[in-house]
Amino acid sequence: MSGLPAGTMREATIDLGAIEANVRHFRRLTGVEVLAVVKADGYGHGAVRAAAAALAGGAARLGVADIGEALALRRGGIVAPVVAWLHAPGADFREAAGAGIELGISSYDQLTRAAAAASGDHPVTVHLKIETGLSRNGIAPADYRIVFAEAARLERIGRLRVVGIFSHLSNTTPDDDRAALHAFMEGVGQAASVGLRPPIRHLAATHAAIDLPEARLDAVRVGIGIYGLSPFADRSSADLGLRPAMTLRASVAAVRRVPAGTGVSYGYTHRTDRETTLVLVPLGYADGVPRQASSRGPVRIGGRDFAVAGRIAMDQFVVDVGDHPVGVGDAVVLFGDPTLGAPAAKDWADAAGTIDYEIVTRIGPRVPRRHMQA
Ligand SMILES: *Cc1c(COP(=O)(O)O)cnc(C)c1O
């Protein structure tokens, strides 16, 4: 892999063509609408650019957690439908309604406040979120009847348009997810019994979009998959036909030849066992490189694989490269597309005891994102 642009200490390159291709893959695989999830700054990839790439790949709708994220997409020039589903207590829905944001509704209180945000003859567009086993937000089964009846009434008088009904799966076992699907269809049936027939029933995120075809319904909400990462412990991106979009790299900041017995980084948890070369990599936990991956996190330098030596610090870590020739300014790849020789984000997740979602999402604001057009 080539070097970083001159003067660049660290960067995350984002392959927008990969996001586009991944969305296209989910369109073909599922045959239903793809709702591309770009919350948390597009899982660290840049929400507006990721959203635009997802739309270019055929996504019909975007999903974010909160209204602030939805409004940021509008400010970034995104005009496609956007749904936001996690709201502050007492959140004011008027600005969102004015910007045409679709609201995920998890309670009677949210429903009435959404209807109150309608202005003139412009109904507010909502997706009813129902609880089917995850125990997070969503309308409780005991409240289905009263909330659905009120939603139907508000729709009849033109305050609301109920375009969606949705829930979220636990991915515990296929049986657990099938039980949640069953509970979901019960909820859909109860809604129909009071005259609500939302055209977009959506339940599956990436995991079920791939593994539980009966859960695809009218739309799939795909997050991690559009960024080309796998939600499965035992299947890689390539196994799923996906291309990782983010590559995290840094330029070697310093090189030092040291004798055997030299302590490395805080606590000297690594000591050189021979005369060797140590290289300094200017990325640390402030940049989202997990300190838990100290002494383990993989890197690739000059086509060779190495691991972090000793503790990862706030701004930097060290790699012991032996006698391998490495110079200041050489590129260090932390993760990217393994089919191109980079470690996988999943390798860092394994080294840190977490999941690849967390690795890409936590890459910090000090790391510039360079977006590469399709
Ligand atoms: C984050 C999120 C998703 C996306 O999940 P992935 O596993 O990243 O595909 C889908 N739906 C909801 C409700 C979410 O919060």
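The expected span of a helix is 1.5 Å times one less than its number of residues. Helices (H or I, at least four residues) and strands (E, at least two) are DSSP runs, numbered from the N terminus. Helix H7 (residues 144-156) has 13 residues, so it should span 18 Å at 1.5 Å a residue. Its end C-alpha atoms are 18 Å apart, which agrees.

The structure is a predicted model, in which local features need pLDDT of at least 70 and side-chain atom pairs count only at pLDDT 80 or more, while totals for chains, interfaces and linings use all residues. Residues are numbered from 1 along each chain as its sequence is written, and side-chain values use heavy atoms, with hydrogens and water left out.

The protein chain contains 11 helices and 19 strands. Its C-alpha atoms fill a box of roughly 80 × 40 × 40 Å along the principal axes. Of its 374 residues, 53% are buried (under 20% relative accessible area; exposed is over 50%, partly exposed in between; 1.4 Å probe, protein chains only). Contact means heavy atoms within 4.5 Å. Among contacts between residues at least 6 apart in sequence, 65% join residues at least 24 apart.

Tyr144, Val147, Phe148, Glu150, Ala151, Ala152 and Leu154 are buried in H7. Just after H7, Gly158 has a positive phi of about 85 degrees.

Most residues other than glycine have a negative phi. Asn171 has a positive phi near 55 degrees. Asn171 sits in the loop between E7 and H8. Its relative accessibility is 32%, so Asn171 counts as partly exposed. Tyr268 has a positive phi near 45 degrees. The loop that holds Tyr268 runs between strand E12 (263-264) and strand E13 (270-271).

Three further residues were examined for their surroundings. His25 belongs to helix H1 (residues 16-30). Beyond its neighbours within four places in sequence, His25 is in contact with Leu240, Gly241 and Leu242. The side chain of His25 reaches the backbone oxygen of Leu240 at 3.1 Å.

Glu33 lies in strand E2 (residues 33-37). Glu33 counts as buried because its relative accessibility is 18%. Not counting residues up to four places away in sequence, Glu33 touches Arg27, Ala60, Arg61, Ile200, Asp218, Ala219 and Val220.

Glu214 occupies the loop between helix H9 (206-211) and strand E9 (219-222). Its relative accessible area is 39%, so Glu214 is partly exposed. Glu214 and Ala204 are 10 residues apart in sequence, and their C-alpha atoms are 9.3 Å apart in space. Leaving aside neighbours within four places in sequence, Glu214 is in contact with Arg178 and Leu181. The side chains of Glu214 and Arg178 are joined by a polar contact of 3.2 Å. A polar contact is a pair of N or O atoms within 3.5 Å; within protein, one must be able to donate a hydrogen and the other to accept it, and residues adjacent in sequence count only if both atoms are side-chain atoms.

On a 1 Å grid over the protein atoms alone, a cavity is a set of points where a 1.4 Å probe fits but cannot get out, and a pocket is an open set with protein on both sides within 12 Å along at least five of seven lines; lining residues have an atom within 4 Å of a point. Grid points are joined across faces, edges and corners, and a volume is the space filled by probe spheres set on the points.

The largest pocket holds about 510 Å³ of space. It is lined by 23 residues, and the closest to its centre are Lys39, Tyr43, Arg136, His168 and Tyr357. Helix H2 (39-43), H9 and helix H11 (356-361) each supply at least two lining residues. H2 gives the most, with three.

The whole structure has four cavities of 30 Å³ or more. The largest cavity holds about 40 Å³. Its lining consists of Lys129, Ile130, Glu131, Leu134, Arg136, Asn137, Ser167 and His168.
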